[in-house]
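Work through the exercises below with the sequence and the model side by side. Try each task on your own before you read its solution.

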Amino acid sequence: MTRIKRGYIARRRRTKIRLFASSFRGAHSRLTRTITQQKIRALVSAHRDRDRQKRDFRRLWIARINAVIRGSGVSYSYSKFINDLHKRQLLLNRKMLAQIAISNRNCLYMIFNEIIK
């Protein structure tokens, strides 16, 4: 049988993988087999951490709202505040409340006083 030279397809595939891993260090950016392993690992981490990021931001917003409410001087907690918001049917999500708490505390105190009444 005659010898068949491989075409450019495999080389093109490896080049594409190398472009993904160009920022990795050492063998992780040079060796094809190691690059593929690191690529899989990187994509898994990215997928996992997108969900983790949502959790972390929600925790941050809750902590900010709770700090402002407890700092108002009235013995009141975050859970009571959210419960009363739902009872009054004030549809403000935690992200918006945390933004109000940071930028304009007086506005959050006004909302807080309206709920307590």
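**Exercise 1: Thr-34**

Thr-34 is part of helix H2, where helices (H or I, at least four residues) are DSSP runs numbered from the N terminus. The model is a predicted one, in which local features need pLDDT of at least 70 and side-chain atom pairs count only at pLDDT 80 or more, while totals for chains, interfaces and linings use all residues. Residues are numbered from 1 along each chain as its sequence is written, and side-chain values use heavy atoms, with hydrogens and water left out.

Task: decide whether Thr-34 is buried or exposed, and find which residues Thr-34 is in contact with, leaving aside neighbours within four places in sequence.

Solution. Start from the cut-offs: buried means under 20% relative accessible area, exposed over 50%, and partly exposed in between (1.4 Å probe, protein chains only). Thr-34 has 18% relative accessibility, so Thr-34 counts as buried. Next, look for contact, which means heavy atoms within 4.5 Å; once neighbours within four places in sequence are set aside, Thr-34 is in contact with Ala-27 and His-28.

**Exercise 2: H3 against H5**

Task: describe how helix H3 (residues 78–87) and helix H5 (residues 105–116) cross, and which residues meet.

Solution. Two packed helices are described by the angle between their axes and the distance between the axes. Axes are lines fitted to C-alpha atoms, for helices over the stretch in contact, and angles run from 0 to 180 degrees between N-to-C directions. The axes of H3 and H5 come within 10 Å and cross at roughly 70°, which makes H3 roughly perpendicular to H5; angles under 35 degrees count as roughly parallel, over 145 as roughly antiparallel, 65 to 115 as roughly perpendicular and the rest as oblique. On the H3 side Phe-81, Asp-84 and Leu-85 take part, and they meet Leu-108, Ile-111, Phe-112 and Ile-115 in H5. Sorted by class, this contact has six nonpolar, no polar and one charged residues, where Ala, Val, Leu, Ile, Met, Phe, Trp, Tyr, Cys and Pro count as nonpolar, Asp, Glu, Lys and Arg as charged, and the others, Gly among them, as polar.

**Exercise 3: H4 against H5**

Task: apply the steps of axis distance, angle and class to H4 and H5.

Solution. The axes of H4 and H5 come within 5 Å and cross at roughly 125°, and H4 and H5 are therefore oblique to each other. Leu-97, Ile-100, Ala-101 and Ser-103 in H4 meet Arg-105, Cys-107, Leu-108 and Ile-111 in H5. By class, this contact has six nonpolar, one polar and one charged residues.

**Exercise 4: Phe-81 and its partners**

Task: find how the rings of Phe-81 and Phe-112 are arranged, and which clustered rings include them.

Solution. Rings of Phe, Tyr and Trp (its six-membered ring) pair if their centres lie within 6.5 Å; planes under 30 degrees apart count as stacked, over 60 as edge-to-face and the rest as tilted. The structure holds four aromatic pairs. The ring centres of Phe-81 and Phe-112 are 6.2 Å apart and their planes lie at 50°, so this pair is tilted. Because Phe-81 lies in helix H3 and Phe-112 in helix H5, the pair ties together parts that are 31 residues apart in sequence. Phe-81 is buried at 0% relative accessibility, and Phe-112 is buried with a relative accessible area of 4%. Ring pairs link Tyr-76, Phe-81 and Phe-112 into a cluster.

Definitions and conventions: Helix = DSSP H or I, 4+ residues; strand = E, 2+ residues; numbered from the N terminus.
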